[in-house]
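Dear colleague,

Please find the structure below.

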Amino acid sequence: MAIMEHAYYASFGYQITSFFAASSRYGTPEELQELVDTAHSMGIIVLLDVVHSHASKNSADGLNMFDGTDSCYFHSGPRGTHDLWDSRLFAYSSWEVLRFLLSNIRWWLEEYRFDGFRFDGVTSMLYHHHGVGQGFSGDYSEYFGLQVDEDALTYLMLANHLVHTLCPDSITIAEDVSGMPALCSPISQGGGGFDYRLAMAIPDKWIQLLKEFKDEDWNMGDIVYTLTNRRYLEKCIAYAESHDQALVGDKSLAFWLMDAEMYTNMSVLTPFTPVIDRGIQLHKMIRLITHGLGGEGYLNFMGNEFGHPEWLDFPRKGNNESYHYARRQFHLTDDDLLRYKFLNNFDRDMNRLEERYGWLAAPQAYVSEKHEGNKIIAFERAGLLFIFNFHPSKSYTDYRVGTALPGKFKIVLDSDAAEYGGHQRLDHSTDFFSEAFEHNGRPYSLLVYIPSRVALILQNVDLPN
């Protein structure tokens with residue numbers, strides 16, 4: 001993010017002035033190349049956040065008024081201006097605009113060896129209304145009509161064709177909130193050619209729940225629907241909180257959960273307060289259910305994995321050009337006397353477990369239970385059994401959970417474990433045996449002790465790992 005050169009620091013890199021320049025704020029072009037090469041040597045794929053949805057209206061050092069007119073690279077008049085973003089909109093029907101943008105993509109691939117792109121503002125590109133003031137229910141009439149900018153859609157198809165032709169292993173991700181059908185289907189099948197789209201409704205749902213509902217009023221069916229509501233055979237990147245929620249003007253999930261107590265009660269030398277206890281337990285559960293059920297990829301924003309207590313804010317007039325919040329305090333998770341380490345430990349082991357079992361690459365999960373009264377959600381994916389108890393106070397002894405598999409099960413991840421800041425209410429040496437007792441549409445079932453506010457993953461040990 002914020003790699004393409006931008007004159008205004010506080011725009012977070014979304015008001016581009018020089019599309020073929022790496023921002024000088026962070027180092028030289030050679031140092032960016034070294035960064036990418038070093039990441040590749042460690043097996044890390046590097047994607048660039050490419051902003052081809054709009055451009056800065058800065059006419060001093062940007063594309064705006066490049067030839068003295070307002071229509072050199074952009075639509076002339078009102079169509080060429082995005083009112084909310086205060087920026088210029090490309091005329092994608094122009095051959096020279098297509099050449100400029102497509103060559104820009106090729107340049108970043110070849111000069112810096114990026115492995116693909118996250119395309120910013122795709123919803124704005126796809127529609128003449130730019131998604132402003134529009135809701136999307138999923139009805140096809142919202143996607144196939146005169147409101148669609150066919151020139152922009154054609155450009156996105158060309159861009160994806162170019163990327164995947166030049167680098168067949170590259171990855172493209174669409175930031176699309178509308179759910180445009182076939183956007184993530186192959187171009188050969190009439191699709192847009194993206195590999196993934198961002199599941200943008202998921203972080204909004206978690207924030208809505210924390211803002212507007214008491215814990216006992218959370219709707220399990222609504223949570224499951226939001227996490228599984230994606231188009232068949234189109235892959236999504238799930239994430240629990242977005243970068244917007246960690247920026248000034250909003251709060252991260254950890255801050256919504258624990259607020260000011262993060263500054264006073266995160267020491268392991270003091271007893272759990274109800275606020276910190278609730279916040280730590282729900283923070284882990286929200287991340288795991290999003291990871292396991294929400295898509296075919298998982299996204300985390302830097303610092304959110306350990307519940308960074310402060311927002312991100314770049315220097316701007318509103319904060320007197322301060323750099324105070326333009327940072328991440330990584331020492332917090334390395335301090336053994338602070339509870340941030342528990343959240344980081346859980347995030348680390350959650351990702352290691354996924355790497356071992358590959359549930360993101362597995363078919364979409366089978367949800368066997370979403371019980372409103374008990375606040376239980378259970379589902380199976382990649383041969384694992386996921387169980388969540390969102391009830392704030394009720395624990396359940398010998399709770400019957402359905403499964404497709406016979407045999408013996410063991411706990412492989414437990415959010416209540418001591419190393420994750422839990423209360424250690426489960427014995428990990430316990431064996432759980434499924435029996436041929438049909439339950440919730442599954443041919444087998446087993447009995448499990450499920451403490452309140454706990455997430456569990458069970459693995460059938462009779463299967464090969």
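Aspartate 120 and arginine 118 form a salt bridge with an N to O distance of 3.0 Å; the term denotes a side-chain nitrogen of Lys or Arg within 4 Å of a carboxyl oxygen of Asp or Glu. Both residues are buried, that is, under 20% relative accessible area, where exposed is over 50% and partly exposed lies in between (1.4 Å probe, protein chains only). Arginine 118 also forms a salt bridge with glutamate 175, their closest N and O atoms being 3.3 Å apart. This pair links distant parts of the chain, 57 residues apart: arginine 118 is in strand 7 (residues 116-119), and glutamate 175 is in the loop between strand 8 (171-174) and strand 9 (196-198). Strands (E, at least two residues) and helices (H or I, at least four) are DSSP runs, numbered from the N terminus. Asp49, Arg118, Asp120 and Glu175 are linked in a network of salt bridges.

The model is predicted, with local features needing pLDDT of at least 70 and side-chain atom pairs pLDDT 80 or more, while totals for chains, interfaces and linings use all residues. Residues are numbered from 1 along each chain as its sequence is written, and side-chain values use heavy atoms, leaving out hydrogens and water.

The structure holds 25 salt bridges. One of them joins arginine 79 to aspartate 149, with the closest N and O atoms 3.8 Å apart. Arginine 79 is partly exposed at 40% relative accessible area, whereas aspartate 149 is buried at 7%.

Finally, helix 11 (residues 340-357) has 18 residues, and glycine 358, which follows helix 11, has a positive phi near 65°.

With kind regards

How values were computed
The expected span of a helix is 1.5 Å times one less than its number of residues.
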